[in-house]
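Visitor: Could you show me how to read the side-chain contacts in a model like this one?
Guide: Gladly; let us look at it together.

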Amino acid sequence: MKIGAFAKHNQTSIDTIRHYMTLELLIPEKVGAQYLFDATCQSDFDEICQLKAIGFTLAEVQSLMLFRRIGKLTGYDKRITYKSYFENKLHSVEDELMRLNHIKLELEKTIVNAGVVVDESIRTLGVPMDCLKYAYCTNCNTPLKLLDGKIENGALMAGTLTCRCGYSLNVKDGILFGEGIDEAFVDIESESEQYIDQYIKTTDSAYLKKIYKELEWSKRHATCSGVENSVILELGTGHGFFMRHFIGEFHESNLYIAVDHNPQVLLWLKKVIERSQPKCKVLFLCADFEKLPLKPVSVDLLLDISGSSNYAFDHSDKFLLEKVDHLTKPDTILHAYYILFEKFSKHTKIDDGSKKWFKLDTITEALMHLKYLKTDDYISDSVEKGGPMEDYFVTGESVFTYLYYGQKH
């Protein structure tokens, strides 16, 4: 039987048969350029399959078959040495079964402990009543007044804030809505539990590792959480990668304002943050960046965690921080992440006018113009795919993140 027929008869590949020949587990007769497989070869192949099926490696199969071949007619199968192969394998299997059983028990305990437990004592977050003083009319630059509302545990859950000029804003589900924002929510209960799972499964691992390294850099270099009685403003909070990692470090006297224009995402994030019950006060603000209804000259710490970069994808006219500069104090601290493209091919899906906001020299020049003096900075490793920028560049384009920590002077 030729090699092709022998492989087909045994439902395996020719490459497998050749590998066994290389290891001299199969020793067919060579006639000219052809190998012929006889009954002995078939018996050897059956023995290989049997030994592999009970856990022996090919190296161990070599030793066993050599022992049989050389020890033929000497009672090899009764010898202590031969039996020891099987006894050792049995002990190995028993040890592995014990190890697997231990793993099984630990997994069962972990699954039980990982069960979702709804804590009825969790406090629902709303607009802190003592922080309404920061809600301002964008027309008159005067404080807004509470017209009516539903208050729970010192927080406004629903209501209306008004100005004498006729300007008004609504609070719904504990979120303050800016002018012109659609307040409609859809059911997010099922999505809210699965979002992070899906994001991790579908996002390139290199991009996820890059995010984690950036957060670790912030933890080690941007020590901006110890100041008391501060107002922290995050632009474009999104799904809160930065907020979820650092919210627990802020002092109870601080106010953390999380801004995003997407009400669905902001409601999801609010539910996540509620589970951690942060010490500091939190205001979730759904608003247009250019119409933030906040008190001028009130922000002590500005978090621009890719907010300006995401804004620049669709707005080429101005650097986002220039549009919110009136909210900052003369000594405001800035911690920022900026997306940088190594090059722009003709296929890069970014408007030509916006491309300047993805270059390091343009970003640093804009920060200097706003009088931010650098304390520390860092440029991340590059990635070539993955994450929210994937639709904006083609193969061969590399994307970095520029991390900046500084203060106004």
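Visitor: Which ground rules apply before we start?
Guide: This is a predicted model, so to speak a computed one: local features need pLDDT of at least 70, side-chain atom pairs count only at pLDDT 80 or more, and totals for chains, interfaces and linings use all residues. Residues are numbered from 1 along each chain as its sequence is written, and side-chain values use heavy atoms, with hydrogens and water left out.

Visitor: How are aromatic pairs defined, and how many are there by this rule?
Guide: Rings of Phe, Tyr and Trp (its six-membered ring) pair if their centres lie within 6.5 Å; planes under 30 degrees apart count as stacked, over 60 as edge-to-face, and the rest as tilted. Here the count is 14 aromatic pairs. Take Phe319 and Tyr338: their ring centres are 5.9 Å apart with planes at 45°, so this pair is tilted.

Visitor: Where in the chain do Phe319 and Tyr338 lie?
Guide: Phe319 is in the loop between α10 (307-312) and α11 (320-323), while Tyr338 belongs to strand β12 (residues 328-341); the pair links distant parts of the chain, 19 residues apart. For these labels, helices (H or I, at least four residues) and strands (E, at least two) are DSSP runs, numbered from the N terminus.

Visitor: Are Phe319 and Tyr338 buried or exposed?
Guide: Both are buried. Buried means under 20% relative accessible area, exposed over 50%, and partly exposed in between (1.4 Å probe, protein chains only). Another pair to view is Tyr402 with Tyr404, where the centres are 6.3 Å apart and the planes at 55°, so it is tilted. Tyr402 and Tyr404 are buried as well.

Visitor: Which residues do ring pairs link into a cluster?
Guide: The cluster consists of Phe6, Tyr20, Phe37 and Phe45.

Visitor: What does it take for a charge to sit over a ring?
Guide: NZ of Lys or CZ of Arg must be within 6 Å of the ring centre and within 35 degrees of the ring normal. Lys89 places its charged end over the ring of Phe56, 5.2 Å from the centre. Arg244 does this over Phe241, with 5.2 Å to the ring centre.

Visitor: And what is the idea behind salt bridges?
Guide: Side chains of opposite charge can pair when their charged atoms come close. The criterion is a side-chain nitrogen of Lys or Arg within 4 Å of a carboxyl oxygen of Asp or Glu. The structure has 18 of them. In one, Asp44 meets Arg69 (3.1 Å, N to O). This bridge links distant parts of the chain, with Asp44 in helix α3 (residues 39-53) and Arg69 in helix α4 (residues 58-70), 25 residues apart. Asp44 is buried at 7% relative accessible area, whereas Arg69 is partly exposed at 28%.

Visitor: How far apart in helix α9 are Lys270 and Glu274?
Guide: They are 4 residues apart, about one turn of that helix (residues 263-276). Lys270 is buried, with 3% relative accessibility, and Glu274 counts as buried with 10%.
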